[in-house]
Amino acid sequence: KNLLRTYEGWSSQLLAAGPPMHAQLMFVLAWFHAVVQERRSFIPQGWSKFYEFSTADLRSGADVVMMALKGADGSCQWKMLHGLLENAIYGGRVDNDLDAKVLRAYLQQYFNAEIVGQSGRVKPLPGTRVAVPSSKHKEDYMQVIADLPDSDPPAIFSLPANIGRAAQQVHGQKVVQSLKAMSLASTTTTTFNSAQWQAQLGPLLRLWDTLASQAAPLKAAVKEVGASRRGKNASAPSSPVDAFVALERLHAVKVVETVGRTLNAINKVLRGQATLSSTVKASGQQLLVDEVPSSWEALWAEGPTAPSDFIRSVVRRGLAIEDWWAKVQAGSLLNSGPLDLSQLFHPGPFLNALRQQTARATKVPLDHLKLGTCWDMGRLGQHAIQVGGLLVQGATFDGTRLGPLAQDSPISRAVPPMGLAWLHHETPLPYAHHISTPLYSTQDRAHVLIEVQLPIASQEEEVANTLAGLALFMTA
């Protein structure tokens, strides 16, 4: 219907104007415009956000098409067409580098000599069997549109076959969040109501008590860190990575203490053991509307937005970091097997610490190091580590090659542990042919941690996986 609306607004005279290729490129432009608009139905895998592609962009694109056909021989100036559509019109709305790669891939896929038969052969539009008619008559294009199926298969957008499942999951999460917000808004008041606080916050307080009772190593860490703050049992870490883990441990204890302090204060108020202070009231009101208190968010802005998920994640990370700390003290952290970066509050600084450690060991300046990834540790050298707990979305990956997804494939699946190392900038990357793929902290694709290299066989495979929204994630 998007395509039909465009053609209903275009006159036969408009399409017949100019050289013979003009009508063909106008059809390709209308198709491209519909694809980039309808791809917004699949955020965040399609686009990272809702871009306001509009009819104004379509009109400007039509003007650019006419400009690109003003060569002496009537052929299309593809480079100029790509450049203006990418940088001046559609690309002017895109503010994400990865989305810009998707847009660029679309332009290369649609606007080329093979699509309009200029190269001697006519290539169908991507994901379809539709060939662009060699005609200047509007009726011929309207017939092509009429023959299209009522529903758009994912292949039209070059998205994986299971994209519908991902879209349904995102939509379901939004519906649940909206219903929860409506429910909480109808029951929450700005005044303190002890019964209401007890009813709504009681489950959260009991959850914290349960988690805390099962986290004996975390309690010991709190005591040990407290002693080190008083100047006891403190020793300087021997390497950048060890220093990072020590700081991460301090941070974990601080988050645990802050969460515990907030919930314990609320619990005392509800039991009548303390008066309601302005700080406790503010935190309680945020929790009542299922928001993370500001004091918690200040310590971990990237954490889950639901309080129950937040405290579960805090305890899980706190316990995991204790395990990291034990391995640091044993001198075995980096060779103890795959490291799960989702166990850290700050995975990015860990990679920076590893970079510093590699620079010291190899006597290479920091700015002469680049990140290399591979699923064959032997190709990365002696300073490589293994990273586990990763998920892939947009394709399958067995550690050797990427593969397509079926309609009933899970939204994401685990991949084998990945090798990672900081390499000298003149050292070739392990894969001669690769696609740079974002590794996100969470599946909402809000924050890119690094870009990793996945092996591919051709440029066509790179374009296909870029458009499929290929990405890696740390396990939630």
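Guide: Helices (H or I, at least four residues) and strands (E, at least two) are DSSP runs, numbered from the N terminus. Ile-385 lies in one such run, strand 3 (residues 385-388). The model is predicted, with residues numbered from 1 along each chain as its sequence is written; local features need pLDDT of at least 70, and side-chain atom pairs count only at pLDDT 80 or more. Totals for chains, interfaces and linings use all residues, while side-chain values use heavy atoms, hydrogens and water being left out.

Visitor: Why is Ile-385 called buried?

Guide: Buried means under 20% relative accessible area, exposed over 50%, and partly exposed in between (1.4 Å probe, protein chains only). Ile-385 has 2% relative accessibility and therefore counts as buried.

Visitor: Which residues does Ile-385 contact, its neighbours within four places in sequence aside?

Guide: Contact means heavy atoms within 4.5 Å. With those neighbours set aside, the contacts of Ile-385 include Leu-334, Phe-350, Met-377 and Met-418. Ile-385 and Met-418 are 33 residues apart along the chain, and their C-alpha atoms are separated by 8.3 Å.

Visitor: What makes Thr-427 partly exposed?

Guide: Thr-427, in the loop between strand 8 (418-424) and strand 9, has 33% relative accessibility and therefore counts as partly exposed. Its C-alpha atom is 8.9 Å from that of Lys-370, 57 residues away along the chain.

Visitor: What makes Tyr-51 and Phe-53 a tilted aromatic pair?

Guide: A pair of aromatic rings is described by the distance of the centres and the angle of the planes. Rings of Phe, Tyr and Trp (its six-membered ring) pair if their centres lie within 6.5 Å; planes under 30 degrees apart count as stacked, over 60 as edge-to-face and the rest as tilted. The whole structure holds 22 aromatic pairs. In one of them, Tyr-51 and Phe-53 are 5.8 Å apart centre to centre with 45° between the planes, and the pair is tilted. Both residues are buried, and ring pairs place them in a cluster that includes Phe-32, Trp-47 and Tyr-90.

Visitor: How do you know that Arg-39 lies over the face of Trp-47?

Guide: A charge sits over a ring if NZ of Lys or CZ of Arg is within 6 Å of the ring centre and within 35 degrees of the ring normal. Arg-39 lies over the face of Trp-47, at 5.6 Å from the ring centre.

Visitor: What is the peptide bond from Ile-43 to Pro-44, cis or trans?

Guide: That bond is cis, with omega near 10°. Pro-44 is in the loop between helix 3 (21-38) and helix 4 (55-68).
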